[in-house]
Amino acid sequence: MNEYDSLKLENQLCFPLYAASREVIKLYHPYLSELDLTYTQYVSMMVLWETKKISVKELGQKLFLDSGTLTPVLKSLESKGYIRRYRSTEDERVLIVEITESGEKLKEQAAEIPGKIVGCVKLDAEEAVQLYRLLYKLLENFKE
């Protein structure tokens with residue numbers, strides 16, 4: 001082993017995480033383009049389908065996104081009529097995001113996407129559960 005082995009791509013944990021993430025997101029593209037959503041818009045909507053209303057700060061924490069990344073995503077979703085943004089009446093510094101009726105209807109169209117993606121990822125059920133647990137364990141380390 002020489003002093004530069006640590007710089008070999010094959011010795012990096014970060015690279016297969018990065019590449020796998022990009023490849024999985026690519027699998028979503030044809031399904032999301034039918035809904036006129038990007039992947040980031042889609043995961044934002046997933047949170048809103050579950051919560052109905054959330055602060056921008058909490059949404060960013062759930063998605064591991066900063067406000068600079070999230071703001072244009074939310075503006076786009078708002079212009080499509082899927083969400084509305086407004087200041088909290090209790091604390092005007094807090095920006096709230098709430099799903100609209102159109103956003104709720106989109107959920108019906110999106111419901112089939114996860115099942116289509118599962119078939120594209122070539123892992124058996126046990127491997128998928130193991131990977132899920134490991135990735136969430138890794139993400140926990142990044143929480144503030």
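Modeller: First, a term: helices (H or I, at least four residues) and strands (E, at least two) are DSSP runs, numbered from the N terminus. This is a predicted model, where local features need pLDDT of at least 70, side-chain atom pairs count only at pLDDT 80 or more, and totals for chains, interfaces and linings use all residues. Residues are numbered from 1 along each chain as its sequence is written, and side-chain values use heavy atoms, with hydrogens and water left out.

Biologist: What makes an aromatic pair?

Modeller: Rings of Phe, Tyr and Trp (its six-membered ring) pair if their centres lie within 6.5 Å. Planes under 30 degrees apart are stacked, over 60 edge-to-face, the rest tilted. This structure holds 6 aromatic pairs. One is Phe15 and Tyr18, which is tilted: 6.3 Å centre to centre, 45° between the planes.

Biologist: Where do Phe15 and Tyr18 lie?

Modeller: Both are in helix α1 (residues 14-34). They are 3 residues apart, about one turn of the helix.

Biologist: Why is the pair of Tyr132 and Tyr136 called tilted?

Modeller: Their planes meet at 50°, so the pair is tilted; the ring centres are 4.7 Å apart. Tyr132 and Tyr136 both sit in helix α7 (residues 125-140), 4 residues apart, about one turn of the helix.

Biologist: Is Tyr132 buried or exposed?

Modeller: Buried means under 20% relative accessible area, exposed over 50%, partly exposed in between (1.4 Å probe, protein chains only). Tyr132 has 52%, so it counts as exposed. Tyr136, at 44%, is partly exposed. Back in helix α1, Phe15 is partly exposed at 34%, and Tyr18 is partly exposed at 49%.

Biologist: Which residues form one aromatic cluster?

Modeller: Tyr28, Tyr39, Tyr42 and Trp49.
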